[in-house]
Amino acid sequence: MKMRLALFAVLFAASLAQGQLLAPTAPEAQGVNSAGVQAFVEAFEKEVDAPHGFVLVRHGHPIAAGWWAPYDRATPHMLYSLSKSFTSTAIGLLSDDGKLDVDNAVLPYFPDDAPKDPDANLRAMRIRDLLTMNSGHDKDTLARVTLAGNDNWVQTYLSFPVEHPPGTHFVYNTGNTYMLSAIVEKITGQSVLDFLKPRLFEPLGIANPTWETDPRGIDTGGWGLSITTEDIARFGQLYLQHGMWDGKRLLSESWISLASAPQTPNGTNPNSDWNQGYGFQFWRCRHNCYRGDGAFGQYCIVMPDLDAVLAINGGQGDMQRTLNLVWDHLLPAMHDAPLPADDAAAEALSKKLASLHHAPVSGEANSPHIAKITGNTYIFDANKAGLKSVTFAFDGDTRRIVLDTEHGQERFDVGYGKWEKQTVSFYQLGIPAAASTGPQTVAASAAWAKPDQLVARAWITTTPYRIDMTFDFDAEANALAMAARIYPLQGQMTTFKASAK
């Protein structure tokens, strides 16, 4: 009982400090079986690689929350395409203000960037078509926009052929959301981030949100927002409450109804949560739910029939599996009326939530190879990842792996039997991915699996990513083979060979 009360006290303090969710309670008080929530958590751990954190809210009350160390409650997490739902909300606020109509054409907002002779499809494209992913393009424009070599992304987007009449052809197109962001900036003179701060983020108690920008400073819109898991839950609760927060209306009920409705069909598979229809930058789900989501397992799931919100951060490849676990375990655990108190189940859940963690690398602390490799610099053979060299400093309490790449230096202080936390300049071993370079919070661990094999893992805890590295040395430690991958970007390890200088 003490552990359960302690957990709720932590959540209660957080709700008072950062937002206006109601006081946390035991799950049973809100009609939810603690055992069912624990079954979800345990299945999440077993079947998904890798969970980072979640917050479950029922009837406005946080009833369960947890983070798998080295991830934690306070560190903002990259949202990827869950950012789209926030950009949509900015459009909704402008619509509420009468500053735009979703049936306005897109081209008039960008007279200086439009082609000289735009075709009929481009001229017909509306804000509504951007919101519903019906711009008329045959495929996603994001890669073509970012790789075109033109720092004017708006101009690049508008230069692409529009193969279908807008409103007739659903294609998930992150370039569309970028254009929504550009429209917000055209109308307000502010980035989406700055526009939303007083209208959304500050009222919800979302502190210090950040958003990536294009080369000209326009927020990327379709990705790039970073906030905490609890912040995601507050956003979902605002939508569940039809735009009301702390007794004040932040967003119109009519906008939320439009944004969350199935505005366009997007498939026919009844078992797929990507085929239930698409709203205004929200996906429809099975069970009359809807969600914003982002790559590798970032979710804001709103469950109107159950009066519940589930926020999740993760780093997995199979996003449908996570949703299946929600439907299989959490939905049956929710009931219409409060349940009798179950102190044993609630305490077991609290104990489980308090112990969530990703285990540090297992193995031995020492190896005869330590004396041979410490201070050595190993030069990599030519490789596409841009790796140049690796140096080891295993001296006393210092355990450090330093990678030099064409893009900069990556230094990992690795703990033994624990996660060593640090801030590093992270370049992803030369593999580009949006929002992943620059200073990042990293937690790293390493151990000797065999006398000649060092295994290391580094979680980039502001992102969905981790780096897995295995170093196999020859007998005299004059050469090594490094197998590495960035999960979940890469499924298989890539091997790089290096020799001592």
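Mentor: Arg128 and Asp103 meet through their side chains in a salt bridge, with 2.8 Å from N to O; the term denotes a side-chain nitrogen of Lys or Arg within 4 Å of a carboxyl oxygen of Asp or Glu. Because Arg128 belongs to helix α5 (residues 127–131) and Asp103 to the loop between α3 (83–96) and α4 (120–124), the pair ties together parts that are 25 residues apart in sequence. Helices here are DSSP runs of H or I with at least four residues, strands are runs of E with at least two, and both are numbered from the N terminus. The model is predicted: local features need pLDDT of at least 70 and side-chain atom pairs count only at pLDDT 80 or more, while totals for chains, interfaces and linings use all residues. Residues are numbered from 1 along each chain as its sequence is written, and side-chain values use heavy atoms, with hydrogens and water left out.

Arg128 is partly exposed, at a relative accessible area of 22%, and Asp103 is partly exposed at 38%; buried means under 20% relative accessible area, exposed over 50%, and partly exposed in between (1.4 Å probe, protein chains only).

The structure holds 19 salt bridges. One of them joins Arg73 and Glu230, whose closest N and O atoms are 3.2 Å apart. This pair links distant parts of the chain, 157 residues apart: Arg73 is in the loop between β2 (61–67) and β3, and Glu230 is in helix α10 (residues 229–240). Arg73 is partly exposed at 29% relative accessibility, whereas Glu230 is buried at 7%.
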